[in-house]
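I opened this model to look up its overall dimensions first and then a few residues.

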Amino acid sequence: MSTSSFADVSVDLLRRYNVQGPRYTSYPTAPMWRQDLSPADYGTILEKSGEGPEPAPLSLYVHLPFCEKLCYFCGCTVVITGSRHVPESEYLDVLEREIDWVSERVDPNRADGRRRQIVQLHWGGGTPTYFPPELLERLARRLFDRFTFASDAEIGIEVDPRVTTPQQLETLARLGFNRLSMGVQDFDPKVQAAINRIQPEADTRRLVEQARGLGFSSLNIDLIYGLPHQTPETFAATIDRVLSIGPDRLAVYSYANVPWMKKHQTVLEPHLPAERTKFEIFRTALSRFTSAGFEYIGMDHFARPEDELARARRDRTLHRNFQGYTTKAGTDLIGFGMSAIGSVGDHYVQNRRELPAYRQSVDAEGAASFRGIRLSPEDRLRRAVIGSLLCHGVVVKSEIERRFAIDFDAHFGDALEKLEGCAADGLVELSREEIRATELGRVFLRNLAMPFDAYLEAAPEKPVYSRTL
């Protein structure tokens, strides 16, 4: 992807498009969900999802929320414990009860003896490698006992190079984990000190080398741009060091500054880069990574051309869910643990977000769901359009018309009118046949998706989204 189209981007354009907007890991987005989905409702949803001759395969997400220290940029749902590792075993007790409850409902005994296969498993956090090897194995064994995994299942975990031990990696490899994702954010010492995350490059390099030796097939490194004290020059130095480590995928996230939701982020605000500087940092990353042979997938993600993410983008089978981009379309996603989110059939479901409430709900009812939404036909239509933009950078109108029996231009007249301004700014090309993001527009995919969001005007008055840049 060429960066020449970015050279003359004006500050005025950046300010007009650097607005608060969803990341669209779901549509409708979470602030639009209702807090009226009980565990009993969730049980019915799970049971119905397994009916029919060809129920969807399953993707599982497990949220392990504990961290020893708080990173000041963090926007995740975490529990900070310090060095006292007290809650792990108690948390697994509750998690195992939830796993048992779900497995009994999502995959009941069928007359034909067939079981739904797990094609994807991901552990996130928090810090999953906060848990010692024996508890990592205990959790994995419970999942393997309760579900049937496909022979080629994608089994991934987020790890923190600062705390992950060789014994933990060996355990994960032996259990069949084949994908690692690790946070770096930035190698610059001044940036690390500001965000309260001191992480020597040697720790990350050591972890990657060991993972390669153990046979992990895919390694991802996360970076964040827009952090305190970053400049294009310092971030370029971090990028060069990351490239020398040799990951297969890269995620270069825009720092989501949401101090109204995460109060600890206020300590970073005095030192954040200006809008133009932040854009130049991302432009530096884009240039460096594409020059090194990575393809820009979209929404801050890069992959090597031979990687399945890159192939899926090219053949337009790429999908997006709560973990970001994935090749596992057409699955029912089930979330386990506090705050975990699932997507089952036409429903989104979320667990309680506070640890005591999560524990009490599972103990009393078997599950901890408390909010969600059932998608209407209009929701499914708009989700398909937004997903096509975010995953492929193009919407082919005839495909949407055939799938949903609509006249695209008539149905989305208001959205197309809003996009005309984006077209005038060089972000999108509009034709009778399709909507196609330009090279510059692929950096602003969230902005191109927002005109198709029927809920934005009904969003709460208080801010709920980060800025798009």
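My entries on the whole chain come first, followed by those on single residues.

I am working with a predicted model, in which local features need pLDDT of at least 70 and side-chain atom pairs count only at pLDDT 80 or more, while totals for chains, interfaces and linings use all residues. Residues are numbered from 1 along each chain as its sequence is written, and side-chain values use heavy atoms, with hydrogens and water left out.

Whole chain. I found 16 helices and 19 strands in the protein chain, where helices (H or I, at least four residues) and strands (E, at least two) are DSSP runs numbered from the N terminus. Along the principal axes, the C-alpha trace spans about 55 × 55 × 45 Å.

Burial. I noted that 55% of the 469 residues are buried, buried meaning under 20% relative accessible area, exposed over 50%, and partly exposed in between (1.4 Å probe, protein chains only).

Asn178. I located Asn178 in the loop between α5 (166-175) and β6 (179-185), and Asn178 counts as buried because its relative accessibility is 18%. The C-alpha atoms of Asn178 and Asp188 are 29 Å apart, although these residues are separated by 10 residues along the chain.

Asp414. I placed Asp414 in helix α15 (residues 413-424), and its 62% relative accessibility is why Asp414 counts as exposed.
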